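Keep the sequence and the structure in view while reading.

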Amino acid sequence: MLVSAKEMLTKAKAGKYAVGQFNINNLEWTKAILLTAQECNSPVILGVSEGAGKYMCGFKTVAAMVKAMIETLGITVPVALHLDHGSYQGAMDAMDAGFSSVMFDGSHYAIDENIEKTKEIIRLAGEKGISVEAEVGAIGGEEDGVVGGGEVADPNECKMIADLGVTMLAAGIGNIHGVYPENWTGLNFDVLAEIQEKTGVMPLVLHGGTGIPEEMVKKAISLGVSKVNVNTECQLSFAAATRKYIEEGKDKQGKGFDPRKLLAPGFEAIKATVKEKMELFGSVGKA
Ligand code: 13P
């Protein structure tokens with residue numbers, strides 16, 4: 001059964017660990033993440049960007065696939081199906097389609113408009129028991145055509161958005177999507193500490209989980225981050241394993257071209273990455 005992200009994140013905040021959000025792209029991705037969560041006895045959040053939603057034939061297809069897979073695979077750990085970086089309309093559509101959690105990314109609006117739109121999403125989500133993530137301070141880098149400038153959030157604005165009743169809050173602290181450039185200066189822990197101090201028990205979300213050094217991730221969790229988003233790292237592991245299979249000529253041996261064989265190394269690679277992250281975030285055994 002799908003659950004909202006509220007309870008798992010409240011527990012994570014209290015227990016000083018984080019729940020991973022892993023973005024999905026297709027059936028193999030979804031199956032790999034769900035099975036790993038079950039094996040690790042860890043709660044998990046499946047992230048779906050609007051682009052990935054379109055790719056998978058719409059939010060309804062995604063919700064139906066995830067629900068059926070949870071049932072068929074006998075997944076008993078808490079699973080939230082979450083819209084990643086949703087537009088206002090996207091958040092409405094995902095809620096209609098059966099998602100249990102949505103992010104409304106109003107970070108590119110002026111703060112007043114971000115507040116108005118976030119309030120409306122919270123009202124509608126509240127009626128359906130759906131959790132809501134809001135964002136202050138655009139996350140840098142490029143994700144599915146959404147380009148953010150890599151801002152550092154204003155802690156007072158974070159407090160204003162947190163007070164609207166969102167479930168979790170993403171705040172830019174120098175993190176960016178994708179691989180970090182050589183000259184990246186790291187996370188801004190002073191701002192994170194200030195945001196945590198102002199927002200209290202609100203679970204904070206760290207986007208751009210790919211490539212942040214382990215010690216920085218741990219420190220961020222100790223300062224109130226309860227959800228870490230990982231996307232690119234699973235894509236890189238999948239691509240590297242698939243490349244190796246083909247470069248070794250395995251697709252040309254016997255029935256090695258069978259998609260169930262061709263995609264198997266990538267599938268296992270996603271599982272290994274997800275397990276590694278769950279161990280780092282401390283969510284293993286916390287289902
Ligand atoms: P990465 O692709 O850098 O892991 O970021 C994922 C993310 O933040 C999804 O919202």
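A residue is near a molecule if its C-beta atom, placed from the backbone, lies within 6 Å of it. The model is predicted. In it, 15 residues surround the ligand, and the closest are His207, Thr210, Asn229, Asn231 and Thr232. Strands β3 and β10 and helix α10 are the elements that give two or more residues to this shell. By type, the shell divides into one nonpolar, twelve polar and two charged residues.

The largest nonpolar core has 73 residues. Those touching the most other members are Ile33, Leu46, Phe99, Val102, Leu169 and Ala171. Helix α12 gives the most to this core, with six residues. Leaving out residues up to four places away in sequence, Ala171 touches Val136, Gly137, Ala153, Cys158, Ile195 and Leu204.

Helix α1 has a buried side and an exposed side, as the table shows.

| Residues of α1 | State |
|---|---|
| Met8, Leu9, Ala12, Lys13 | buried |
| Ala14, Gly15 | exposed |

An α-helix has 3.6 residues a turn, so residues three or four places apart point the same way. The buried residues of α1 pack against β1, β3, β8 and β10. Just after α1, Lys16 takes a positive phi of about 55 degrees.

Glu214 is found in helix α9, which spans residues 214–222. Is Glu214 buried or exposed? Glu214 counts as exposed because it has 9 C-beta neighbours inside 10 Å, and the cut-off for exposed is 12 or fewer. The C-alpha atoms of Glu214 and Leu46 are separated by 22 Å.

Note on methods. Residues numbered from 1 in each chain as written. Predicted model: local features only at pLDDT ≥ 70, side-chain atom pairs only at ≥ 80, totals over all residues. Helix = DSSP H or I, 4+ residues; strand = E, 2+ residues; numbered from the N terminus. Buried ≥ 20, exposed ≤ 12 C-beta atoms within 10 Å, placed from the backbone. Nonpolar A, V, L, I, M, F, W, Y, C, P; charged D, E, K, R; others polar. Core = buried A, V, L, I, M, F, W, Y, C linked by C-beta atoms within 7 Å. Contact = placed C-beta atoms within 7 Å.
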